[in-house]
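Subject: A structure for you to explore

Hello,

I am handing over the structure we talked about, and my notes follow below it. Please have it open while you read.

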Amino acid sequence: MDEQEFRGPPRPAPGRAGRPFPPQLNAPPAPMLVVAAAADPRAVTTPRPMVRAAAAPAVIGTAVRTAGRTTSLGTLPGTVPMPATATRTTPVPRPPIARPAAPAPAGPVRVRIPIRQRATGIVEQLSVTQAVCWQIAVLSVIFTLHRPWPVIATAATAAVLLLIVTTVRLHGHWLYEHAVLRYQFLSRNRRFDLPNTGARALALVERLLPGTSIRSMDAGTETVMVMSQRHGLTAMIKPAQVSRELVTTFPSPTALLPHPDSSTGVSTEFGVQTVYHSGTRPGEPPRMWLAVHADRTADTPIDDDLALALRNALRRIRKALRRAGVDTEPLADEAALATIAALAHVTGGRHEVRENWRFLATGVVSQACFRLDGWHKIDDTAARSLTNAMVNRHRGTAAVAITLTCYARSQLGEVSSGALVRLAATTEGGVNATSTALAGMLHPAGVGLTRLDGEHAAGLTLSLPIGGFGS
């Protein structure tokens with residue numbers, strides 16, 4: 001490249017009165033070099049051949065040291081200085097890019113149960129009746145293979161229908177169970193009114209458990225109300241003082257369950273039910289009640305004989321709780337009936353009970369019952385943690401009352417246990433949102449939440465401390 005061409009055409013001479021232009025404005029651009037940074041700062045950079053300034057990349061906001069002085073390039077585009085010595089550059093830190101946080105999901109989060117866990121739960125719910133039906137379906141087709149085609153078609157159609165109703169599940173029920181449930185739901189009276197008097201709770205109990213009568217029994221120096229039912233006797237007690245900490249330390253019904261009593265000459269089976277209730281008022285402490293049940297058998301058909309076993313069971317349970325630091329007191333007639341009415345949400349002007357497929361309405365309050373599947377498989381530590389989460393700090397919509405019922409009963413030397421939760425609110429949306437939140441909280445512990453659609457009246461019976469779990 002010719003040096004004259006790089007410098008440009010010659011400048012005309014200035015006039016007499018004129019002044020020469022500053023040399024830095026007329027001088028041609030300094031020769032440009034592309035300098036590669038050495039890995040060692042002490043290394044000397046070897047210059048490369050000169051190139052045009054237009055071909056060099058732009059350097060913005062970098063200070064270089066040339067010939068003993070520092071020159072700031074500012075924002076001059078298309079210029080790269082040629083340092084006399086090795087250049088040491090300092091990178092300018094770039095501020096981090098602020099990324100917006102991921103938006104929170106709107107609405108309730110649906111819990112996805114793994115396919116393997118879902119299949120295991122379905123297999124566990126298979127019954128012997130279903131296996132027999134499958135065998136009948138297969139054998140009916142095999143035995144008609146050599147028959148005329150109308151007989152084969154009829155047998156095959158009946159076999160397919162039998163397989164469908166025993167293998168297809170709908171809303172947590174097998175199809176044949178769903179058909180029976182629908183028939184029972186449509187055939188019973190689902191609307192009734194309670195008397196607007198003090199006997200409202202007693203009328204509700206007689207409606208839920210037909211044949212129930214009330215009597216009193218001495219429990220030491222106190223009196224306790226006893227509900228006499230077809231399947232046994234039930235009495236109610238409660239802790240003298242209830243706190244949030246007591247919910248996390250209270251013994252389970254299985255631990256409180258008395259051994260079969262043979263003081264009357266026969267072995268009596270018992271059941272224990274613990275009811276936790278969390279109201280809608282913020283900061284309100286939870287409440288607790290216990291129901292102790294003695295099963296009626298052919299050997300103890302009379303209430304007087306069964307009352308002796310129930311009295312002994314109450315004494316042993318209260319003694320065990322006293323050793324655990326919990327004082328209890330029995331509930332007499334008035335206090336027990338008031339508790340039942342309050343738990344069922346039939347106080348005040350709510351005396352109309354209406355049952356539909358998805359809800360049970362008592363006045364303006366909508367209630368729904370859910371079975372806790374797998375509750376009997378978790379240990380006491382996990383059960384207490386889940387109880388504390390549901391009762392003390394449940395994650396649901398505001399103005400939703402939660403009633404959690406845990407029970408255990410002995411029968412023929414074996415102990416069965418389970419749990420049920422009932423949600424109540426003035427809106428159906430609040431119940432649905434809270435049930436979704438509870439399902440997400442219970443799922444990691446291996447507990448499922450099954451809605452008792454078509455059976456909410458039976459769920460109300462099981463959730464109240466009236467001995468319904470023993471029926």
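Two strands pair if DSSP finds at least two bridges between them. The strands themselves (E, at least two residues) and the helices (H or I, at least four residues) are DSSP runs, numbered from the N terminus. Please keep in mind that this is a predicted model, in which local features need pLDDT of at least 70 and side-chain atom pairs count only at pLDDT 80 or more, while totals for chains, interfaces and linings use all residues. Residues are numbered from 1 along each chain as its sequence is written, and side-chain values use heavy atoms, with hydrogens and water left out.

**Strand β9 and its partners**

Let's begin with strand β9, residues 270-278. Which strands pair with β9? One partner is strand β10 (residues 287-295), which runs antiparallel to β9 over 8 bridges. Within this pairing, Q273 stands opposite A291. Strand β15 (residues 401-411) also pairs with β9 in the antiparallel sense, over 8 bridges, and there S278 stands opposite I402.

**Salt bridges**

Side chains of opposite charge can pair when their charged atoms come close. A salt bridge is a side-chain nitrogen of Lys or Arg within 4 Å of a carboxyl oxygen of Asp or Glu, and the structure holds 10 salt bridges. Here are some of them.

- E355 and R188 meet through their side chains at 2.7 Å, N to O. E355 belongs to strand β12 (residues 352-355) and R188 to the loop between α6 (175-187) and β5 (191-193), so this pair ties together parts that are 167 residues apart in sequence. E355 counts as buried at 9% relative accessibility, while R188 counts as partly exposed at 30%.
- R215 forms a salt bridge with D304, with the closest N and O atoms 3.6 Å apart. This pair links distant parts of the chain, as R215 is in strand β6 (residues 213-219) and D304 is in helix α10 (residues 303-323), 89 residues apart. R215 is partly exposed at 26% relative accessibility, and D304 is exposed at 53%.
- R358 and D453 form a salt bridge at 3.3 Å, N to O. R358 is partly exposed, with a relative accessible area of 37%, but D453 is buried, at 11%. A network of salt bridges links R358, R451 and D453.

Finally, how do α7 and α11 pack? Helix α7 (residues 200-208) and helix α11 (residues 333-343) meet at an angle of about 70°, with their axes 8 Å apart. Axes are lines fitted to C-alpha atoms, for helices over the stretch in contact, and angles run from 0 to 180 degrees between N-to-C directions. The two helices, α7 and α11, are therefore roughly perpendicular to each other, a term for angles of 65 to 115 degrees (under 35 is roughly parallel, over 145 roughly antiparallel, and the rest oblique). The contact (heavy atoms within 4.5 Å) is made by A201, L202 and V205 of α7 and L337, I340 and A341 of α11.

Happy exploring!

Conventions:
Buried means under 20% relative accessible area, exposed over 50%, partly exposed in between (1.4 Å probe, protein chains only).
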